[in-house]
Amino acid sequence: MKKILTFFKNNFFILGIIWKDNKSAIFGKLSLSFLSAVKFFFEVYTIKWIFDALESGKTFDAVLPLLILASVCIIFPIFYRGYYQLLLGHLHINKTFKSLNLLLVEKSKQLDLECYENAEFFDNYTRALADLEGQVLNTFNMLGWFFDAFFNLIIMLSLFGAMNSGLLIIMVLTFVLQCGYSFIENKLDYKRNLAVTYPERQINYSKRIIYEPKYAKEIKLFKGLPEILKNLYSKGVAALIKENMQFAKKITLISMCYHLLNLLLQYGLPFMIIGYQYFYLGTSLGTAAVLVNAVAKIPSVLSWLIWTFSAFQRNSLYVDNLNKVLNCEPKVETAEGEKYEPKGAASIEMKNVTFTYRGEKEPTLKNINLSIKKGERVAFVGHNGAGKTSLVKLITRLYHPDSGEILINGKDVKAYDSDSYRKALGLVFQDFNLYAVNIMENVLMREIDNKEADEKTVYEALKKAGIYDKIAALPNGIYTDVTKEFNSEGVLFSGGEIQKIALARVFAKESDIIILDEPSSALDPIAEHEMFKNMTDAEEGKTSILISHRLCSVIHCDRIFYLEHGEIVEEGTHEELMAKNARYAHMFNVQAEKYKITSQFV
Amino acid sequence: MLKVIKNNFRMIRLVFRYSKFYFLLHTLYALFKAAYTFLNVYLIKWFFEILESGRPFKELIAFLGIFVIASVAVYSLITFLDRFITLKLNVKISEKINLALIEKIKSIDYECFENSEFYDKYTRALAETGSRALEVTNTFFELFGTIASIAVAVELISTIEPLFILLALFNVGVTFACHAFYNKTNYKEDLEGTPFKRRRQYVNRTIYQPEYAKEIKLFPMHKEILKRVYSEGVEGHNNLIKKYEPKKIAVYTFQMFLDDALRTIIPWWYIAVNVINKTLTISNASVVINVISQINANFRDMAYILMDYHAHSLFIENLNVIMDYQSKIESENGILLSGDVAHSIEFKNVTFAYPGGSEILKDLSFKIEKGEKVALVGYGYNGAGKSTIIKLLIRLYDVQSGEILIDGINIKEYNPVSLRDAFGLIFQDFNVYAMSLLENVLLTPDYSEEERKKAYDALKGSGLLSKLSDGGLDTLVTKEFSDSGIYLSGGENQKLSLARVLAKNCGIVILDEPSSALDPISEHEMNRNMLRAAENKTVLFISHRLSSVVDSDKILYLENGGIKEEGSHGVLLEMGGKYAEMFNLQAESYRQNQILEKEELLK
């Protein structure tokens, strides 16, 4: 019972989305189906009237009005359908798509970052979003087909009810047979599908490798690789055929029985009943004709109905999935809270902070205590996986700690609303993306509101990031589109250039805290040198955090935190840590070794 | 037209070659299917004849009984054949085609994979070759089935009113013309709509791909830009709909009108007039109604089949491009290059540009002696030259002018497969495969016990041994095929490619240092392991960080596609050129620190 309830609830959910924006679309579908029902009615009945006229000895004139009416009723819906289907249908659905996607953009902003790292949730999420437009369109069309099938069913039921109730029984039996057979077939097919998932994956995997260009180099380099792929493919095929044949063995006998019964119900019994009625009950030939006509349509109307139901069923499963996504309550990304007031710089304090990624057993950060004063410049260093980036993710409020608290300007970061807080952050991460909009928007990361002032800001920022010359040389300057996604005149940037544009984002923005996570990994030594010089200006008076593996860049920081296995193990200025001659010093020396002044220079 | 036939026949021949049995079964299937349609059409005619002629009810029952039995027999055979064909033969045939394609891919030049036009055709052809080959054959047999059905229908209707055949032909002609119009309009609409479609898809993708997730949150106002992009897409589409749809509606409506008029309304009027005038029996009237639908449907099927042939042909064109591809580089002939000993490498006045691009290498010359360890450095836009040198060396591309010599012989003289086999490459962007760790190292389908041992040692040498869980060497990599599979991190990935080199006989090792951020200690370790792999071998070391090239025998400093500076680290520093400038810049801060330290020590 609960299942049925969800079934309806889920399907009405999607219909509700359409209904909200354009009620006329739903009414349109209904009216179309009504008109096609009228057409169906005449298709079945007209022949009866003609044959009856013959039997009762009427003249052609007597059937003429009916014939004209029938002709008109067939023709009229064509025009209406053409108008509706092609013009309104497309525009309507576009409107729905638009409001849906705008909603999703909002939603994706509210989704906690944690959700993206949960494989199962993320799987659902991508599937739900990737299919959303298709599913909505599908439901919309299915609604029409359902109405069609429903109206046709009613006409047939009333027809049989009025003329030959024996055929009603045939209809019910056909329905039971069809349901039963598709149930069994689905079950067997489901079992087969389950069994062939693995071999099909093998087949698809080997196919994927031969057509993705990233593998092309290796296929040339390793002569054994194509052979491995062939073996894998053939192994998959052998298993697939084995499963298929097992399925075929089971289904063949069942489907033979089904066809026997079906043919009996479709032709044998109905024709016998109609014949009997004609021979013994004295009905007209016209009646026989209309019944023969109608009987021929039983299977298609029924299977249509069953098909729409099962399609709605699949839809319902999809909506379940979608709901999981839409109903995911954000724990971190909440809009409530105090507005963050920018002050030019901010103090950061962490008290006994412990943090574990979902699904991990070991905490990534253990009992972190640190305090960064207003305007202080600090660096986080350590091995890969020591927890530096995680620390930054907590400070930027992408996650909340399991325990302990993070204070920004003395107040728990949770107390601020996330948007206003993040507006006060200047960030460069090593995996930052550029977007397929123009350079100006890529730097501002917001819509342009004052063209002149914004242009000036962007020019300044690009200059400081060391990429102004390259961009100014482009024909469209800062209005050049990034990537060729929408514009063949768009520009593709190299790794180093992307990093510089991302840096410009920091320069283009007034922020209290600047966080740079490996900002120079793709830059050459000269550009790196320039960048750090400019960065020092930008950081003037602001609180800043730098993560870098090139330890020469952290030397000048006010304080360095050395992290290991999620804990801060050393803390102090470069000189202090070098004097301590422990972990930081070791790391520094390994790197510096190669630059050691060789004897010829001493 | 000729091309369409030729293309389709090429495909049918291919299938025929793979399975003659398939052809036999398919012929049977088509025949039975036509017979089944035939049974349906006659049933209704005979039924009304019995009713009209006043023969006894018994006869009707006998007739129906025979009919059902005959139908069941025919239909069972149809389903049996259908299942056998789709579940077994189809899979078999598409296997053979795909295996042939995998074989073919070896002889396609690498260049093609970087050429988006060729690559587009290639993926499209590959993605559906298996299924498409079968569709072509299906269409072929469908054509026979449809012709058979039309013959029966024509025979039935021609005794009653031959005019209906002409009407049906007229109908199909109009349908065809209308479809042509649609396709043309849709094509234009699609073409004009692509920019808008891209916008919509882009936003949709941005929302759900995890790499964008962080930014959407961290830049709160960024979402407004995304919304704008999406809205632009929808607006654009709506304008296109308003521009093209009215025309399409007019044609569509006309076509549907004609179709209904010819298939339903005209037969009604014909029957009404003739039945009432007693010039048409009821059984024949039923024939008219059923057969007219049937014949129209058949003609339409024919039209679709012809259109299908056309579509198939376009697809086969793509496939032809691949199947008929003549490689410029790949060949089975040539001198074999041994992987057991070190070789010398020489670039002589090499100039190279990618197809359609500007020159990346200009008159490049350098020589690497047997067993020498050489580092290649260079920054900026010309950094791309470094990976190009590798691609030329392993003949993924050929030079435009100049020559590359290995042991004094032009590399074009060597067998390309054996040439590449003599190289060991360590890249960061190398792929791992969803196979066992052992297979990932050896990359060969069958291996001896000795090779197994070698792979083990290689894993040990690369520092990846700790990754072996209970499964040992047979531990699966990635979770593609098993939940117990392991994932490799970026650094481990690189260790794997190191293990591949260690397990292989190669005379030349190319090390492409990772550009991503490894922490200093892991980086140090990696470099040490890499150099161990290169003992007694000729080594070309591509570096992004100057600190790691200090120890090489020779450094080649690349700028603007040519060698700008050449010599050992000491020599280059002394020269005080570009290399020295870069090195000093990087070393500055470290050095300052060392001076301080030294001062402290002196105290």
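Q: What counts as a salt bridge in this predicted model?
A: A salt bridge is a side-chain nitrogen of Lys or Arg within 4 Å of a carboxyl oxygen of Asp or Glu.

Q: What makes B:D324 and B:R10 a salt bridge?
A: The closest N and O atoms of B:D324 and B:R10 are 3.0 Å apart. A search of the whole structure gives 42 salt bridges over all chains.

Q: How do you know that A:K230 forms a salt bridge with B:E103?
A: Their closest N and O atoms are 2.0 Å apart. A Lys and a Glu are paired within 4 Å, and therefore the term applies. Between chain A and chain B the count is eight salt bridges, alongside 19 residue pairs in polar contact with both residues at pLDDT 80 or more.

Q: Which helix gives the most to the side of chain A that touches chain B?
A: Helix α8 (residues 225–280) of chain A does, with 35 residues. By class, this side of chain A has 95 nonpolar, 33 polar and 43 charged residues.

Q: How much area do chain A and chain B bury between them?
A: They bury about 15900 Å², 71% of it on carbon and sulfur atoms. In contact are 171 residues of chain A and 161 residues of chain B.

Q: What lines the largest cavity?
A: Residues from both chains line it, including A:I47, A:F51, A:N293, B:F48 and B:N290. The elements giving two or more residues are α2 (23–55) and α9 (285–326) of chain A, with α2 (20–53) and α8 (282–323) of chain B. The largest share, four residues, comes from α9(A).

Q: What is the make-up of this lining by class?
A: The lining of the largest cavity has eight nonpolar, three polar and no charged residues.

Terms used. Residues are numbered from 1 along each chain as its sequence is written. Chains are lettered from A and ligands numbered from 1 in the order in which they are written. This is a predicted model: local features need pLDDT of at least 70, side-chain atom pairs count only at pLDDT 80 or more; totals for chains, interfaces and linings use all residues. Side-chain values use heavy atoms; hydrogens and water are left out. On a 1 Å grid over the protein atoms alone, a cavity is a set of points where a 1.4 Å probe fits but cannot get out, and a pocket is an open set with protein on both sides within 12 Å along at least five of seven lines; lining residues have an atom within 4 Å of a point. Ala, Val, Leu, Ile, Met, Phe, Trp, Tyr, Cys and Pro count as nonpolar, Asp, Glu, Lys and Arg as charged, and the others, Gly among them, as polar. Contact means heavy atoms within 4.5 Å. Buried area is the accessible area (1.4 Å probe) that two parts lose on being put together, summed over both. A polar contact is a pair of N or O atoms within 3.5 Å; within protein, one must be able to donate a hydrogen and the other to accept it, and residues adjacent in sequence count only if both atoms are side-chain atoms.
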